[in-house]
Amino acid sequence: MIKTIKTLVLFLVLHLLPTSRSSAPPSAPPSVNSPELSQLLKGLQGSADINNIFSHLGSSSAFKSAWQRHPLHLKAVTPNPQALFNLTTLYDLVGTHVSGHITQKSPDGSWKPSSLNPEQLSGQPLEKSTIDAALTSSPPSTISFNTAGSLFPTVGDFSLSSLAGLEYPVNVNVYITPPTSSSSSSSSSSAPGQIVPVHTDRQDVLIFQTLGTKTWTLHPPPPLKRDPSTNAITTHPCTRGKAGDVISPSELSPLSPPYTCVLNPGDVLYVPLGWAHCTSTDCKASMWGKKNADPSVHATLGIDTMVWALTKAALRWGIYSYAGLGYNIDMGKVSDKDYWESMEALPFGFLETETIVDDISDLMKRMQPDREDLPSRKIVEDVVEIFREHKKKIVEVQKRMYTDVDPKTEEGMRKAVQGARDLDMCMAELGLKVKGSAFYEMYREKVMAADKKLALLDKMTT
């Protein structure tokens, strides 16, 4: 069973992670004068509430056209951006047992996160001096909070609005980075003013700048790394620049020129998953143009198609598993074009289409043209509905997680852990429904670990 689970994990890493298509050069960001984008900007800039942005994005043809294809920089579209998250929000955590992370460049050039409050598990609350030290450290560090929607009331309301407008699972992380005086570069190692080197991520993200400024440099997805002898994919394109992998300048130079922009408070930037990027808080890019500019604070809203198995590759796996047929595939024989298409998000929520059954059936044939044991259309239809219901369950759990958030109470902290546990249960149930026993066992173990954590929390608070 352990060997089976390890095999499944390897399959998930190589084949179920979604990313942008790079079989053809990505299209350039649309002109600000395009009618579709002008209409989107008009709706966003006329809004009185930052949370209204998602109803406009979810119905926008400009956003759907950019989706998993190219960036979008929307300037000054969020009213009162600091209402989402600011330094006061950060210091409100003093006295709580919430612990974020600190990412700082180590002497050997690597970047590894550590706990903002290492004494959290021993019952020590977060102290103001700890936050002060992180904001003034040298070399500079970034403070971050994952799943911030379950920790901060304002971010919880923001997350609920995104669920309503996009009808897709989301997660918000918050990042606070002090300003520096040196510029960033798109190099394979961190430059001064740049906390991490150029890398790719596994989510489509919307960046909401709430305080200070940050410069973003974006590159289209680097070419797939394949083994010269087998053509097998050796490093997933959504984890490039991490865990020892380095994106070399030569991998970026043949591509189209980088897309660079400076985010000011109120700006929103859409970055497709798989796009290589690096950031900087160079003070010279600040609207104030002075060394003591505010720290950069931004909220990253990730639309998690990969995390929750909501890609065409995941659906393909579910169909074959449900039919009792083998799902392994020789990726060395799959073209770049078909590979990228298999990584696309399932057309649910704001991406809803009526052609998913035909689209996935056609893709499965193209990926394995010589395969004869193809599942029936009825099986494909049944599994599509299983995944659609799975998506809805994930969204419902997240709605509970992001409602009435309060990090200052024991009940609020327990609720955050309970939510993470329930999400893993959704994944385990998906494994059961498509008859994927190894997948089920992998997530059942996570559920059991969460149950132990909940029991420990209950013991600490009684």
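Student: At roughly what angle do the axes of helix α11 and helix α12 cross?

Tutor: Roughly 120 degrees. The axes come within 10 Å. α11 covers residues 356-367, and α12 covers residues 377-401. Keep in mind that this is a predicted model.

Student: Left-handed or right-handed crossing, α11 past α12?

Tutor: Right-handed.

Student: Which residues meet there?

Tutor: From α11, I356, V357, D358, I360 and S361. From α12, R377, V380, E381 and V384.

Student: How many of the residues in that contact are nonpolar, polar and charged?

Tutor: The α11 contact with α12 has 5 nonpolar residues, 1 polar and 3 charged.

Student: Zooming out. How many helices and strands does the chain have?

Tutor: It has 14 helices and 13 strands.

Student: What percentage of the chain is buried?

Tutor: Of the 462 residues, 53% are buried.

Student: And the contacts between residues at least 6 apart in sequence, what share joins residues at least 24 apart?

Tutor: That share is 82%.

Student: What is L74 in contact with, leaving aside neighbours within four places in sequence?

Tutor: The list is L37, L40, L41, L44, L57, G266, D267 and V268. L263 is 189 residues from L74 along the chain, and their C-alpha atoms are separated by 9.2 Å.

Student: Switching to α6. Which residues are buried in it?

Tutor: I131, A134 and L135. Seen down the axis of α6, the buried residues fall within an arc of 95 degrees, so they line one face of the helix.

Student: Why would residues three or four places apart point the same way?

Tutor: Because an α-helix has 3.6 residues a turn.

Student: Where is T136?

Tutor: In the loop between α6 (128-135) and β4 (141-145).

Student: Is T136 buried or exposed?

Tutor: Exposed, because its relative accessibility is 63% and the cut-off is over 50%.

Student: What lies 2.8 Å from a polar atom of the T136 side chain?

Tutor: The backbone oxygen of D132. There is also a pair of C-alpha atoms to note: T136 and T177 are 41 residues apart along the chain, with 9.8 Å between those atoms.

Student: Now backbone angles. What is phi of N80?

Tutor: Near 45 degrees. That is a positive value in a residue other than glycine. Most residues other than glycine have a negative phi.

Student: Where is N80, then?

Tutor: In the loop between β1 (72-74) and α5 (87-91). N80 is exposed, with a relative accessible area of 55%.

Student: And E167, what is phi there?

Tutor: Near 55 degrees, again a positive value in a residue other than glycine. E167 is in the loop between α7 (153-166) and β5 (170-177). E167 is partly exposed, at 44% relative accessible area.

Student: Last one. Which helix holds S250?

Tutor: Helix α8, residues 249-252.

Student: What does the S250 side chain make a polar contact with?

Tutor: The side chain of S248, at 2.9 Å. As for P222, its C-alpha atom and that of S250 are separated by 9.6 Å, and the two residues are 28 apart along the chain.

Terms used. Residues are numbered from 1 along each chain as its sequence is written. This is a predicted model: local features need pLDDT of at least 70, side-chain atom pairs count only at pLDDT 80 or more; totals for chains, interfaces and linings use all residues. Side-chain values use heavy atoms; hydrogens and water are left out. Helices (H or I, at least four residues) and strands (E, at least two) are DSSP runs, numbered from the N terminus. Buried means under 20% relative accessible area, exposed over 50%, partly exposed in between (1.4 Å probe, protein chains only). A polar contact is a pair of N or O atoms within 3.5 Å; within protein, one must be able to donate a hydrogen and the other to accept it, and residues adjacent in sequence count only if both atoms are side-chain atoms. Axes are lines fitted to C-alpha atoms, for helices over the stretch in contact, and angles run from 0 to 180 degrees between N-to-C directions. A crossing is left-handed if the near helix is turned anticlockwise from the far one by less than a right angle, and right-handed if clockwise. Contact means heavy atoms within 4.5 Å. Ala, Val, Leu, Ile, Met, Phe, Trp, Tyr, Cys and Pro count as nonpolar, Asp, Glu, Lys and Arg as charged, and the others, Gly among them, as polar. The arc is that of the directions from the helix axis to the C-beta atoms.
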